Amino acid sequence: MKKIPIRTWQTLAIILVVGGVLVLAISGMLGRIVGKAIDPLIGTQSWFSTRVNAVVDFFTVPRDVLTLREQNAALQNEVSRLQSEILELQQQLVETDILYALLDFARENPDNTYIAASVIGKDPSPFLNYVILDHGSDDGIFKGMPVVTEQGLVGSIDAVTASAARVKLITDQSSVVNVKLQKSKTEAQVQGSITGDVTLEMVSPSVQLAEGDLVFTSGMGGSYPPEIFIGQVLSPQLKENALFQTAAIQPSVDFNNLRAVLVITNFKSVDIAPLVPTPMQ
Amino acid sequence: MTVLAVIPVLIILLLLQTTIAKEMTLLDGTVDLVLVWLAAWGLSTRDRSGYILAVVSGALVAYITALPWYIYLSVYIAVIILAKFVFNKLWESPLLAMFAITMVSSILLYTLTYAGLRLNGVSYPFGITLNRVIIPSVFLNLFLAMPVYAIVKDFSGWLNRSEESA
């Protein structure tokens, strides 16, 4: 019998092994066998990797924390700066809105000339409703000039210095404005009070006062120009045997949030006090 | 030197008075920071600086306010006189003295204001004025009396030490 050479056996073995692997791969058994063989290796690799990473972190993380802290501080500074910038811009936006509204008002009423001024303070006494403006006689503001906003009448200039002016608001107790009512076609007076409320006074009982009736300056008395909006009639009251009826007024101007105003500079108020007759002695 | 150091503080207080203090109201009453400060200063110091400060702050407020000029000036001087009198003669309990001076001087200020405005032809309804302005304002002044006294006491002590060391 002829002896089969070793080389042939080797070839056969290789073919068998390759064939077996192919059969196993085709039948899907190879994956499971390889998986079972590799799992311990993966476990070992994971264990080793975790330890190596821990050692690496031990040496590198403190340096990273320092860097992160520096970055965090820098970012916090940046956030603070941006927040203050946002607040500043919001403030500017509010002021711009107010100025645009005032500008619109000035454009809609071109007959008058105006000086815009900011409200910088209020009278320190709780009895008085006055505000202080940041413009004075150097800017052409003088005593008696009417003060308005785009919403309506604010008051009149009570005193001036070179760079500031004091405005008596229509809400002040001593303030009296001659007005006319749009619907009722009658004239009356608007008076302030210590609480800042504004009331309509000196209305004849025969006049039908209606809620919502619009109140404008009449121009009588020479203190204010006519047709400046003041507010709306809220609640008319006619007491029995009273000579006049009264009504609360809802002013159009928000006096608690008065930020900027317009001073009408081409109106000269008239002091009629010398013309008022005094009782004979 | 003490007076020169305190005048800026009074100016700042006056600025606060015309801005923030007027926004923080109780009904229609507001606090008078300068009055409370002067009351505390009168109790904390033994020299005559209080009188000068009273005149300066009275003149400053009189310049700003639409009230007759003599009201704030006279009341602020009265606060110092009262503080010296109470501290030296009546008792030496500064906290009680501070409350008493603040209350009396506040009532004096608002009574004089009421009378002064009436003299000028502006009449206020007494009931509403009392309930909505005078009592709340006095209460606010009393509310701030203790913290202001503590601050002024420390401040005057610090100024004295600074002067002595200089």
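**What the terms rest on**

Reply: Gladly! The largest nonpolar core has 92 residues, and those with the most contacts inside it are A:Val154, B:Trp37, B:Leu38, B:Ala39, B:Ala40 and B:Val79. This is a predicted model, in which local features need pLDDT of at least 70 and side-chain atom pairs count only at pLDDT 80 or more, while totals for chains, interfaces and linings use all residues. Residues are numbered from 1 along each chain as its sequence is written, and chains are lettered from A and ligands numbered from 1 in the order in which they are written.

Me: What makes a set of residues a nonpolar core?

Reply: A nonpolar core is a set of buried Ala, Val, Leu, Ile, Met, Phe, Trp, Tyr and Cys residues joined through C-beta atoms within 7 Å.

Me: Which residues does B:Leu38 contact, leaving aside its neighbours within four places in sequence?

Reply: B:Leu38 touches B:Gly50, B:Leu53, B:Ala54, B:Ser57, B:Tyr76, B:Val79 and B:Ile80. A contact requires C-beta atoms, placed from the backbone, within 7 Å.

Me: Why are helix 3 and helix 4 of chain B called roughly antiparallel?

Reply: Helix 3 (residues 33–44) of chain B packs against helix 4 (residues 49–64) of chain B at about 175°, with the axes 10 Å apart. That angle makes the two helices of chain B roughly antiparallel; the label applies over 145 degrees, with under 35 being roughly parallel, 65 to 115 roughly perpendicular and the rest oblique. The residues of this contact divide into six nonpolar, three polar and no charged.

Me: How do you know that strand 5 of chain A is mostly covered?

Reply: Five of the five residues in strand 5 (residues 165–169) of chain A are buried. A:Ala165, A:Val167 and A:Leu169 lie on one side, with A:Arg166 and A:Lys168 on the other, so both faces are covered.

Me: What joins strand 5 of chain A to strand 2 of chain A?

Reply: Four bridges join strand 5 to strand 2 (residues 130–133) of chain A, and the two run antiparallel. Strands pair if DSSP finds at least two bridges between them, so this link qualifies. Strand 4 (residues 153–160) of chain A also pairs with strand 5 of chain A, in the antiparallel sense over five bridges.

Me: In what order do the strands of the barrel close?

Reply: Six strands of chain A close in the order 1-2-5-4-3-12, with antiparallel pairing. The twist averages 45° from one strand to the next.

How values were computed. Axes are lines fitted to C-alpha atoms, for helices over the stretch in contact, and angles run from 0 to 180 degrees between N-to-C directions. Ala, Val, Leu, Ile, Met, Phe, Trp, Tyr, Cys and Pro count as nonpolar, Asp, Glu, Lys and Arg as charged, and the others, Gly among them, as polar. A residue is buried if 20 or more other C-beta atoms lie within 10 Å of its own, exposed if 12 or fewer, and partly exposed in between; C-beta atoms are placed from the backbone. Two residues are in contact if their C-beta atoms, placed from the backbone, lie within 7 Å.
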